[in-house]
Amino acid sequence: MPTTLTPYLSFDGKTREAFAFYEKALGARIKAMMSYDDMPASPAPSEGCAEGGRPTGDGIMHACLDLPGGAMLMAGDTPPGMAHEGMKGVMLALQYDSVDEAHGAFHALAQGGQVTMPLMPAYWARTFGMLTDRYGVSWAVNGEPIPLS
C-alpha cells in the first residue's frame, strides 16, 4: 500500500456540523461519522483516554470525508474533559484542474468565514486564494496549475 497523508482535524463539538458543510462545499461524501457512544467496548476501559475514562455521548469520536479524486479528510471532537486549543499552524491546500472548480470551492468555503487573500493569479496557478472558514480551518485554494520550470 502506498504511503498517504490524511489531515485529521479536531473540533470543539462541531465535527458533525463542519463535515456536513464540507460535504456540500467540496462535493464530498461523508464515509464515516462515529460518536463516542458508537465506540465498541475496549478490553481496557481507560486505555488511550484521559483520567476520566472512556468518553461517552453524541460527540464525534471519528469522521471521514471522501473528496472527489480520492483525497480524504478526517476529524473528531475533542474528548470531554480535554481542552480544545483550536487550529494552529496548519493550512489545508486544495488543488483543482480548473479555475471554475477552484472558484466554486473557495466561495463555498468562505461562507461565514474570512477571506485572507482573494482569488488572483499566481505564478504556480491561474488562480490562488486563502481563507479561514467558519470553523477556524485555514485553506489555500489553487486552480489550474502552471508548470514550474
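Which residues of helix 2 are buried? In this predicted model, residues are numbered from 1 along each chain as its sequence is written; local features require pLDDT of at least 70 and side-chain atom pairs pLDDT 80 or more, whereas totals for chains, interfaces and linings use all residues. Side-chain values rest on heavy atoms, with hydrogens and water left out.

The buried residues of helix 2 are Ala102, Ala105, Phe106, Leu109 and Ala110, where buried denotes under 20% relative accessible area, exposed over 50% and partly exposed the range in between (1.4 Å probe, protein chains only). These residues lie on the same side of helix 2, because they cover an arc of only 125 degrees around the axis, the arc being that of the directions from the helix axis to the C-beta atoms. An α-helix has 3.6 residues a turn, so residues three or four places apart point the same way. Helix 2 comprises 12 residues, 99-110, and its first and last C-alpha are 16 Å apart, close to the 16 Å expected at 1.5 Å a residue (1.5 Å times one less than the number of residues). Its buried residues are covered by elements including helix 1 (15-25), strand 5, strand 6 (114-120), strand 7 (125-132) and strand 8 (138-145). After helix 2 comes Gly112, with a positive phi near 80 degrees.

The chain contains 2 helices and 8 strands, assigned as DSSP runs numbered from the N terminus (helices: H or I, at least four residues; strands: E, at least two). Their order from the N terminus is β-α-β-β-β-β-α-β-β-β. Of the 149 residues, 36% count as buried. Among contacts (heavy atoms within 4.5 Å) between residues at least 6 apart in sequence, 58% join residues at least 24 apart. In strand 8 lies Glu144, which has a positive phi of about 55 degrees although it is not a glycine. Glu144 counts as partly exposed, at 31% relative accessibility.

The largest pocket holds about 500 Å³ of space. A pocket is an open set of points on a 1 Å grid over the protein atoms alone, where a 1.4 Å probe fits, with protein on both sides within 12 Å along at least five of seven lines; lining residues have an atom within 4 Å of a point. Of its 20 lining residues, Leu67, Ala71, Met72, Ala93 and Leu94 are the closest to the centre. Strand 4 (72-77) and strand 5 (92-96) each supply at least two lining residues, and strand 5 gives the most, with 5.

Key
Grid points are joined across faces, edges and corners, and a volume is the space filled by probe spheres set on the points.
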